[in-house]
Amino acid sequence: MAGAVHVENEHSPRLPRGFERGRAARRRRDTAAALALVSPSVLLIGVFGIFPLFFTAYVSLFNWRLAGGRFLALGNYAELLGPGVLPLVGVVLSVGAIVAGALLVRHGADPSARSRRWTGLAVLAAGAASFVLVLPRLAAQGDSEVFDSFRVTVWYALLTVPVQLVAGLALALALTRKVRGRQLFRVVYLLPYVAPTVATAAIFQLLFSLRPDSSANQVLALLGIHPLQWLQEPGGIVPLLFGGGAGAGAVAPAGGVAPGVVASYWAQWASGPSLALVSIIFYSWWVFVGYYALIYINGLMAIPRQLYEAAEVDGAGPARRFLSITLPLLSPTTYFLTLLGVIGTFKAFTQLYVLRSPAAAAGTDTISVEVFFTFFRKARLGYAAAISLVLFLIVLGLTLLQQRTLERGVTYGE
Amino acid sequence: MGNEEGRVPEALAAALPRPRLTPARAALVALLAVGGLVAVSPFLYMASTSLKSLAETLTRVSPFPFQPDFWPKTPEWSNYAQAWTLASFSRYLRNSLVTAAVTAAAVGGTSCLAAYAFARIRFTGSRVLFSVLLATLIIPESVYLVPNFILVSRLGWYDRLAGLTVPFAANAFAIFLLRQFFAQVPREILESARMDGAGHLRSLFSMVVPLSSAPLFTVLFLTFLGSWNSLQWPLVATRTARWRPLTVGLTTFNSDAGPQNQLIMAGAVIAIIPVIVLYALAQKQFTEAIARTGIKG
């Protein structure tokens, strides 16, 4: 490579005569040098980062075991999403309508476009209604294990990201005060994030074990509550909190009649995340709040002090200063953390693998864990490839959506 | 949340005596202390359990570090020796160390070269190429599991060091991060180097890299840590203890040790200590590295 990286020693590139020709030659040489410099990265990322995407798509068309297999065309996808195409089309259209409606509502914010806002609301409502009706049909005909893992992933994202954002910001605000020992606190709060996940998750495996003398159960005992199964508990937390069957009963009112596909599907949602997943969510809070705080501290430091001083002169109280200076100027940080957090949920593996118990696996396996076991335990490479591609499409969609919606609400400093 | 002292300019604040202890401030410190206790107690639990006897892990238990039952009566240091011999931890440690060091060095090299080209040389297709590389960052690891396993097996790298390192030897995020900093090196410095006849490689390694040691440290550090902590790919890409890293060793050890919590915790301590030592030595760079990538990402 070094040969291509020779440089032009033109001492005066601004000579008028032959200038154009010299510049073209220089440019060619520069391009050659640049290509030589980027080639190791491009080659490696190309082979192990870009090509695999297409290769996965190819593998997903086969009944691929460890040494290749029969061509199935879309057979894996039919197993994953069910044989009927209509429910899938329905779900995609519903999501499209929800997004389009939401965008119209946003555009309708200025008074000249009031009618658009109402159209937007109508489209949004129609999309949401059909989503509620069609998704259960897709789930009923598809692979129930994969759809369960999808539900787990959504619960995991919903209960980790927002909590970590709020707690992280609160902690960051506290740690930017002039508090004694705040440097020590910063170090301590980051420890859970810094330590290797396999090891810290192993600790939580003991803290939240089903033994009556596990730490979690001893704390419950102090509150007069009898021991729970924690990481081994596949049951949803809603019935656990409000007595058996209450969650399902509220959703499926049709007394003796067998509940329809739609009602029984949403009843599963209504029972909430499994207690096992909630235990893993506690772990996630413990790990990530300090990390979110660190990122927020950086954002807070970047806010010019004069803004606060000026606001104070204008008589703005602390709450007002927080709402109209701190929060808007932190929005790029919040945007970044939200994106990172949601994508992180779809990528999360280590803690879910370590804290997984066979008894509660259905309640804690997210999509990425499902892909892993389909490959690792069942050796169904083709099917795992198909699931991972659907996962990729979901992450891609979410990323694009977040870029469109959240980025607009982001105020960049200066 | 408004606390008047918080608004005193830094220079003035430094000259003032310690801030007054108002009830609000005391409450804040108390709250932070409770939170800090929550953050460290699991580590203390790990340390204390790793020093208990098997009987004590069953009878002397408490969730709170301020209760005597939380701690062992007499520390059983032999647990560590037992854990160490039960699993091939010395082998695993060496494997993790080599794998992480090789990966970090490779990423440092490849991304310095590429970042220099993207930041400092105007060439056709540079923007498109850069965006294509960056786009790979949103692809979840699960997508790579199947194709890269097939690829690595066909290359004969299954259960080999190459299989654990080569797929991760270049990283779009590292290129992105370094490019930001390489672009800030003043033009004049590079131009004067060129006048002296320095080629691109010379100006990269004698000018740009020394001026960007902090972000380069960040890249090396985070790559090392990422490799050290990775579990999913090594589970798939190793079969024997030959190159099996500590993470995989620890998870298999956990099932081998069965209900012997003291041994599992001793294993966890063994896995955590190298990282904590590194953190203690380079705490400032560590936080800066994480904060920097956080903000720039």
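Author: Two residues are in contact if their C-beta atoms, placed from the backbone, lie within 7 Å. The model is a predicted one. By that criterion, among contacts in chain A with a separation of 6 or more, 69% join residues 24 or more positions apart. Chain A has 19 helices and zero strands, and 36% of its 414 residues count as buried.

One pair of positions in chain A shows such a separation. A:Val163 sits in helix H5 (residues 144-175) of chain A. A:Val163 counts as partly exposed because it has 16 C-beta neighbours inside 10 Å, and a residue needs 20 or more to be buried.

Helix H15 (residues 331-347) of chain A can be checked for length. At 1.5 Å a residue, its 17 residues should span 24 Å, and the end C-alpha atoms are 24 Å apart, so the two values agree. The buried residues of H15(A) are A:Thr333, A:Thr334, A:Leu337, A:Thr345, A:Phe346 and A:Lys347.

The close look goes to a helix pair in chain B. Two packed helices are described by the angle between their axes and the distance between the axes. For helix H14 (residues 246-256) of chain B and helix H15 (residues 261-281) of chain B, the angle is about 175 degrees and the axes are 10 Å apart. H14(B) and H15(B) are therefore roughly antiparallel, since angles over 145 degrees count as such. On the H14(B) side the contact is made by B:Leu246, B:Leu250, B:Phe253 and B:Asn254, and on the H15(B) side by B:Ile264, B:Gly267 and B:Ala271. Five of these residues are nonpolar, two are polar and none is charged.

Next, the core. The largest nonpolar core has 167 residues, and those with the most contacts inside it are A:Ala293, B:Tyr116, B:Leu178 and B:Ala268. Helix H12 (residues 275-301) of chain A supplies the largest share of this core, 16 residues. Leaving out residues up to four places away in sequence, B:Tyr116 touches A:Leu37, B:Phe182, B:His200, B:Leu204 and B:Val208.

That leaves the interface between the chains. Here 83 residues of chain B are in contact with 88 residues of chain A. On the chain B side, helix H2 (residues 23-50) of chain B gives the most, with 11 residues. The residues on that side divide into 52 nonpolar, 25 polar and six charged.

Notes: Residues numbered from 1 in each chain as written. Chains lettered and ligands numbered in written order. Predicted model: local features only at pLDDT ≥ 70, side-chain atom pairs only at ≥ 80, totals over all residues. Core = buried A, V, L, I, M, F, W, Y, C linked by C-beta atoms within 7 Å. Buried ≥ 20, exposed ≤ 12 C-beta atoms within 10 Å, placed from the backbone. Helix = DSSP H or I, 4+ residues; strand = E, 2+ residues; numbered from the N terminus. Nonpolar A, V, L, I, M, F, W, Y, C, P; charged D, E, K, R; others polar. Expected span 1.5 Å × (residues − 1). Axes fitted to C-alpha atoms, helices over the stretch in contact; angles between N-to-C directions. Parallel < 35°, antiparallel > 145°, perpendicular 65-115°, else oblique.
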